[in-house]
Structures are given as structure tokens and as C-alpha cells.
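Please walk me through this protein model.

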Amino acid sequence: MASFPAMTSAGQEMHALVARLYPIYRSITGAGLRQTLKIIQEQLPLEIHEVASGTKVFDWTVPKEWNIREAWVKNAKGERVIDFQNHGLHVVSYSVPIHVRLGFAELRNHLFTVPEHPDWIPYRTSYYKENWGFCLSENQLGQFPEDEKYEIYIDSSLEDGHLTYGELHLEGEEDAEILISCHTCHPSLANDNLSGVAVAVHLARKLASVPRRYSYRFLFVPGTIGAITWLARNESVTQRIRHGLVLTCLGDSSHLTYKRSRRGDAEVDRAFAHILKHSSERHDVIDFFPYGYDERQYCSPGFDLPVGCVMRGRHGQFPEYHTSADDLKFVQPEALQDSFEKISAVLQLLEENRIYVNQNPKCEPQLGRRGLLGGSDDLSLLWVLNLSDGRHSLLDIAERANLPFSMIKDAATKLAGSDLLKVR
Ligand code: ZN
């Protein structure tokens, strides 16, 4: 368990957004996804894009739009023994419409539980294979008599419509962009998808209110197909992406993990590792692997973008993953706050990571005469002067000096103030 500082209002605000979005029934298309983006639009000038079903996006096709109104199973007495009204996870996402009577054995083939956690309901999808099903707790299943007939009703529609995603572009001094992407396609799961959404919304609000060197692009997309669709429609934009982060599972109590981009040594990879190392808190930096979240698409070989992934609980590795236990209690305001602060620190580092040139490179300049010696930052001043040869960035210097970036940055600001340093 990570230890967190006292809860702050930003953490509580992010948690409140998670709580507001939690009950909405989302999938990779449909009304719940649209409603989620509309709520984000109350906080950000988000552009909402609609892409028609059947649109080819690289090797994929935008699927039919799926919507659901009602889903239940009734026993022989006519009592609803499973009801989608009670929990969004009860129905398998993308279930086709059905109204039949079946014996238990046949129904059982369409029921899913988490046997290791008899109180929990699993999350299941069937996006690309037409099927139907219900998810329930093992305990609930234990109460189903096996000699009865059951009435099964799913009032859903799977029709030509649209895939919806949200995009926000914040212009900076430079055209070069930082990409922040999160998935918005899961129903009632708080950590997996909504924590990333809440942190992204908060970052965008903060960045919109301050001067920016980089331009920023925030994407709120359904997982996999949404990122693929955006990439297919924006190939030319990808050339401007200098750094990127996929945000996911940022609200649980595990320590932070940063997953490097496919390149492994991109500036964002080094920046994240640096901030985590100098936080002196428990953390992990792990190598890229081609599964997990949408870094898989951004880091596919045809794009190979410098996009890493930041998370607390890891993909598929915490017991609550893709179950009803990933709820509002599982996500803590303090953890959201800590994730937000670390990511903000990384973005600030990237903003400030410039290359300087020493204006007095032949022997050391006389610092004492300029009133620059005798402070606790003498060492950082000497490192910056020595390595500012027009080839080393401030992050290169911080890494080689094994000093926090903020210290190296302060030294550069001081030296630039005494005309000893200029931005390349
Ligand atoms: Zn997931």
C-alpha cells in the first residue's frame, strides 16, 4: 500500500467525477458513451466525433452501435432473478436481443461468475462475436434451482449507427504535441477507465489555464477500436506527437507503475522514471509489452509513437480487475491526487526540458564575482555550465549529475539570469 498525503480538494473533485460517471452504462458505442462525453464537455470544450458503423479503420471496421434498455432472467414464479437495473455488469456487453425460455443447463452456458470471489460480479463483453449472456455472483447462481425453466429477455439493439469519441486540442507556443489518452468504454468500473478519465479531465483543466510550450491533445476513446479509429483519421497529426501517456487505473491504493513506450528510451520514458526515482516513493518502471491498454495501438510499429502508460493497479493483476469490486470504494481521492501530481510533474519536466548553451565555455566563469557561489546549489550550477554545450538537455544533465530535475532547472534559470547561459 502506498502512503498518501492528506486528502486535497482536487482528489475529492476527481472522485466526485468518478462517482457521477460510475452509474452510466457505457460500452464501445452507444448512448452511455455519448452521455459520458457530454458530462466531460461540461468541464472542458471537448469536441465530440461520430464515426459511422462500417467505416474501415486500418484492419478493423467500426462496429454497429449497441444500445440496451432492459435485460432480465425470470424464474418459474415470474420473479426476476437477474436484473440489469440492479447492476450494469449483469449483462454481457454487446449482447444481442433475445426473448426465450430455457432450461437451467442451456441458460448456464450463458452465465458468468467469479468463483474465487463468490460475492463479486464479473465484467464480460462480446464485441466482435454475436452472442448474449449474463454475469452474476457465484452466491446468486447458487440459488437457481436446476429443474426449472427460465424466461430470458434482453431488449438491446445492434444497428448501424456511430462510434463516439471525445477530443480536446489545447494550442501551445509550439505545434509539437503531448498526447494524453484514456479509455471511456467500461460500464460500472471505477478504477479501470473512470479514474483515468477523471485525472485526464483535471490535467486538461489545469493545462488550459496556464501558458504552455507544447500543444496538448486529450483523447477520450473507447478502448482499442477508439484509438485505432482516431489513428486512422489522424495519421498526419501523429507526426507532431513528441510525447504521450495513456492513463489507466490511477485511483487504487497500489504504488505507481510506469510502462515505457516501445522505444524504451523516449524522453517521456526518461522523464517519468526520473520523477518517480526522485520521489523516493515505492514505484515500478517496466518495459513495453504489446498488450494492456491503447499504448498497443500508439506503439504499433507503423506509428511507434513515444507513448508510455501510467497506472497503479496493473492490467489484469489486481483481484478486483474487471469485477463489481472495482467500485467507488476501491478508488480513493488520495490516490487520484497522487497520480495527478506525479503526471503533472512529468509534464512540467517535459515543458522545461530545454537545451542551453554556455556563453563562457573556455574554463569556468568566475561565479563568485557574479554572486552565484556559496549556495546549496553550487554543484548543480557547475554541472549545468559544464554540460550545456548545445547537445545536452537539462534532463541529460540531471541524470548524469544524479540530481533532481527541479534543481538543475533552477540552476539554469539562475545562470541564464547572469547571461552565462542561453537557450539553444
Ligand atoms: Zn478494462
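The questions below go from the whole chain to single sites.

Visitor: What kind of model is this, and how many helices and strands are in the protein chain?
Guide: This is a predicted model. Its C-alpha atoms fill a box of roughly 95 × 45 × 35 Å along the principal axes. The protein chain has 13 helices and 19 strands.

Visitor: What percentage of the residues in the protein chain are buried?
Guide: Buried means under 20% relative accessible area. The protein chain has 424 residues, and the buried share is 58%.

Visitor: Among contacts between residues at least 6 apart in sequence, what percentage join residues at least 24 apart?
Guide: A contact here means heavy atoms within 4.5 Å. Take the pairs at least 6 apart in sequence. Of these contacts, the share joining residues at least 24 apart is 80%.

Visitor: Is Asp192 buried or exposed?
Guide: The cut-off for buried is under 20% relative accessible area. Asp192 has 0%, so Asp192 is buried.

Visitor: How are α1 and α10 oriented to each other?
Guide: Helix α1 covers residues 9-21 and helix α10 covers residues 333-352. Their axes are 8 Å apart, at an angle of about 110°. Angles of 65 to 115 degrees count as roughly perpendicular. Therefore α1 and α10 are roughly perpendicular.

Visitor: How many charged residues are in the contact of α1 with α10?
Guide: From α1 come Ala10, Gly11, Gln12, Met14 and His15, and from α10 come Pro333, Leu336, Gln337 and Phe340. By class, five are nonpolar and four are polar. The number of charged residues in this contact is none.

Visitor: How are α8 and α10 oriented to each other?
Guide: Helix α8 spans residues 267-278. The axes of α8 and α10 come within 9 Å and cross at roughly 130°. The crossing is right-handed. By angle, α8 and α10 are therefore oblique.

Visitor: How many nonpolar residues are in the contact of α8 with α10?
Guide: Glu267, Val268, Ala271, Phe272, His274 and Ile275 of α8 meet Lys342, Ile343, Ala345, Val346, Leu349 and Leu350 of α10. Two residues in this contact are charged and one is polar. The nonpolar residues number nine.

Visitor: Which residues of α12 make the contact with α11?
Guide: Helix α11 (residues 378-387) and helix α12 (residues 394-401) pack at about 125°, with axes 10 Å apart. Their crossing is right-handed. On the α11 side, the contact uses Trp383, Val384 and Leu387. On the α12 side, the residues are Ile397, Arg400 and Ala401.

Visitor: Where is Lys414, and is Lys414 buried or partly exposed?
Guide: Lys414 is in helix α13, residues 405-417. Its relative accessibility is 38%, so Lys414 is partly exposed.

Visitor: How far is Lys414 from Leu372 in space, C-alpha to C-alpha?
Guide: Lys414 touches Leu372, Asp377 and Leu381, leaving out residues up to four places away in sequence. Lys414 and Leu372 are 42 residues apart in sequence. Their C-alpha to C-alpha distance is 8.1 Å.

Conventions: Residues numbered from 1 in each chain as written. Predicted model: local features only at pLDDT ≥ 70, side-chain atom pairs only at ≥ 80, totals over all residues. Heavy atoms only, no water. Axes fitted to C-alpha atoms, helices over the stretch in contact; angles between N-to-C directions. Helix = DSSP H or I, 4+ residues; strand = E, 2+ residues; numbered from the N terminus. Parallel < 35°, antiparallel > 145°, perpendicular 65-115°, else oblique. Nonpolar A, V, L, I, M, F, W, Y, C, P; charged D, E, K, R; others polar. Buried < 20%, exposed > 50% of the residue type's maximum accessible area, 1.4 Å probe, protein only. Left-handed = near helix turned anticlockwise from the far one by under 90°.
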